[in-house]
Amino acid sequence: MAFVRFIGFSIVRAWQGFWRNAMMSLAATATVILMLVLLAALAIVIAGLNSGLEFIEGKVAVTARLADNLPATDRRALIDEVEAYPDVASVEYVSPEEAMGRLRDSYREQGQELDLGGADSTIKLFASLEIAPTDPNASSAIANRLSDSPHVVRILTKQAEYDALLGIINLIRTIGLVAVGLVALTVLFMIINTIRIAVYSRANEIEIMRLVGASDSFIRWPFILEGVLCGLIGAVVTIALVATIWEPIQPVMVSVFQMPTAVSTRFLTTISLLLFAVGLGVGALGSWISVRSYLVASH
Amino acid sequence: MTYPNGKVALADVNVAIPHGDFVFLVGPSGAGKSTFIRLLIREQLPTHGHVRVAGKDLLRLRRGQVPGLRRRIGIVFQDFRLLPNKTVWENVAFALEVTGASGGRVRERVPQLLNLVGLHEHAHHLPTQLSGGEQQRTAIARGLVHDPAILIADEPTGNLDPVTSWEIIQLLIQINQLGTTVLMATHNQEIVNAMRRRVLALENGQMVRDEAAAAYEREY
């Protein structure tokens with residue numbers, strides 16, 4: 001019961017304190033929102049690119065175009081040879097007919113019909129081997145070895161795209177985290193200042209509280225909660241913003257970045273939790289630092 | 001008691017104040033009266049020696065025990081130190097709320113104290129709507145919320161006219177008669193001389209006089 005009263009007292013005082021210096025508190029809250037919006041944008045972009053990367057990773061394969069009309073025995077021998085490579089996970093032969101079937105399917109997925117110019121078309125696709133490496137980075141080595149084979153006409157790998165995307169992701173992640181970190185420092189500074197001003201403006205009350213025997217927790221927690229309130233309000237506002245714009249973003253994540261639909265449905269919850277935790281954390285940390293430095297108990 | 005800047009504020013002070021006593025603390029400004037009071041409420045710790053208040057050795061008191069000590073001591077000041085945006089009732093209730101008292105306890109205790117100091121009719125006035133004497137009564141009511149063993153009054157009449165000062169002294173005597181030890185630091189010669197109570201006189205950090213039923217100045 002006494003603890004409930006303490007919590008109630010601290011929350012009421014924190015709320016009063018927040019509005020007592022509304023300009024300062026709202027400015028601090030605005031910086032929290034700025035930081036969290038940046039963080040949310042970063043998280044969305046990184047998550048999208050990561051999904052794209054995973055999608056490509058699953059597809060990074062070496063495609064070896066075989067010479068036309070390669071006898072089945074030579075083909076068999078080549079497959080056996082490639083399967084024996086230690087860095088190869090699997091080898092799949094794709095006949096010209098299968099290749100054509102896939103092309104047709106991919107057109108249908110887009111809602112179109114493949115038009116080869118009539119039923120008697122002589123257009124024919126080439127036969128190929130699709131080789132999945134054990135490690136996406138091994139595809140160049142496999143490609144090099146295959147290029148010596150007389151049965152192989154041309155080799156395609158997705159290594160270059162993969163490396164480029166990985167580079168972009170790492171760059172964005174680094175720049176983004178540095179930016180969020182810098183903004184977080186500003187936010188921390190704003191909250192420390194807000195709470196410091198709150199502490200100074202209540203100096204008389206604090207002195208009286210000490211004299212009448214209020215315990216340290218009764219003196220400190222209202223100020224800590226005031227900082228938490230800045231973080232909390234900032235987080236709630238940002239989550240509302242992200243939830244609003246998520247609806248148009250989600251299809252983009254699925255179609256452009258190949259994010260699995262299940263992941264994209266869960267993503268709003270995940271990002272909300274992240275924003276909530278970071279907002280709350282920064283608010284609590286800032287006010288805690290402030291209370292520790294400016295509420296040094298004069299016994 | 002030596003301050004960090006090297007100034008010796010109090011030296012060789014050896015005083016015992018029994019429970020229920022009424023004591024005046026006199027002496028010129030800078031004599032050490034404030035330091036004496038700050039030592040009693042553990043705003044400061046002595047650099048040498050011991051301070052015992054309400055049965056507690058203040059040097060051995062842990063940080064967490066200080067609020068408990070402060071609830072055993074009521075304190076009022078010359079400048080009242082009321083919160084200007086709170087009413088009389090709220091100022092007194094504040095001292096209970098910040099120590100975790102329940103709403104029921106506040107509603108029970110505040111009227112008792114306002115009756116004691118004669119301010120029940122002014123409960124909903126702000127300090128700015130009160131006379132100096134009424135403000136000091138509010139401060140006294142606040143100082144008594146935890147039913148302290150000791151009431152320390154630091155120049156309680158310093159800002160008051162003579163008639164009002166006497167009313168405050170009457171109130172302090174009444175509180176003393178209810179069993180609370182009262183220590184009053186003052187420059188008011190007239191009151192000390194008329195009251196004939198125990199007088200502690202400080203000068204340059206030394207206790208120069210400790211005399212029962214005494215006057216403000218040395219009489220011999």
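How many bridges join β1(B) to strand β6 of chain B, and do the two run parallel or antiparallel? Four bridges join β1(B) to β6(B), residues 181–185, and the two strands run parallel. Helices (H or I, at least four residues) and strands (E, at least two) are DSSP runs, numbered from the N terminus, and two strands pair if DSSP finds at least two bridges between them. Within this pairing, Val23(B) has Leu183(B) in β6(B) as its bridge partner.

The model is predicted: local features need pLDDT of at least 70, side-chain atom pairs count only at pLDDT 80 or more, and totals for chains, interfaces and linings use all residues. Residues are numbered from 1 along each chain as its sequence is written, while chains are lettered from A and ligands numbered from 1 in the order in which they are written.

The open sheet of chain B has six strands in the order β4-β5-β6-β1-β7-β8, with mixed pairing. Its edges are β4 and β8 of chain B; each has a single partner strand, so one side of each is left without a neighbour in the sheet. On average, neighbouring strands of this sheet are turned by 15° against each other, direction ignored. Axes here are lines fitted to C-alpha atoms, for helices over the stretch in contact, and angles run from 0 to 180 degrees between N-to-C directions.

At the β8 end of that order, β7(B) (residues 197–203) and β8(B) (residues 206–214) pair in the antiparallel sense over six bridges. Leu200(B) stands opposite Asp210(B) in β8(B). The hairpin of these strands has two residues between them, and Asn204(B) takes a positive phi near 45° there.

Gly20(B) lies in the segment before β1 (22–26) of chain B. Although Gly20(B) and Thr181(B) are 161 residues apart in sequence, their C-alpha atoms are 4.2 Å apart in space. Leaving aside residues up to four places away in sequence, Gly20(B) touches Gly179(B) and Thr181(B), contact meaning that the C-beta atoms of two residues, placed from the backbone, lie within 7 Å. Gly20(B) counts as partly exposed, with 13 C-beta neighbours inside 10 Å. A residue is buried if 20 or more other C-beta atoms lie within 10 Å of its own, exposed if 12 or fewer, and partly exposed in between, with C-beta atoms placed from the backbone.

Helix α5(B) lies across β4 and β5 of chain B and runs at about 165° to β4(B). Eleven of the twelve residues of α5(B) are buried, among them Gly133(B), Ile140(B) and Gly143(B). Their cover includes β4 (73–77), α3 (88–97), α4 (103–116), β5 (150–154) and α6 (162–177) of chain B.

Arg42(B) sits in the loop between α1 (33–40) and β2 (52–53) of chain B and is buried, with 20 other C-beta atoms within 10 Å. Arg81(B) is in the loop between β4 and α3 of chain B and is partly exposed, with 17 other C-beta atoms within 10 Å.

Chain A has an open sheet of four strands in the order β2-β3-β1-β4, with antiparallel pairing. Here β2 (88–94) and β4 (152–157) of chain A stand at the edges, each with a single partner strand, so one side of each has no neighbour in the sheet. Neighbouring strands are turned by 20° against each other on average, direction ignored. Strands β1(A) (residues 62–66) and β3(A) (residues 128–133) pair in the antiparallel sense over four bridges, with Val62(A) opposite Ile131(A) in β3(A). Helix α3(A), residues 72–83, lies across β1, β2 and β3 of chain A at about 160° to β2(A). Helix α5(A), residues 139–146, packs on the sheet, touching β1, β2, β3 and β4 of chain A, and its direction makes about 170° with that of β4(A).

The contact between the chains takes 20 residues from chain B and 16 residues from chain A. On the chain B side, α2 (66–71) and α3 each supply at least two residues, and the largest share, five residues, comes from α2(B).
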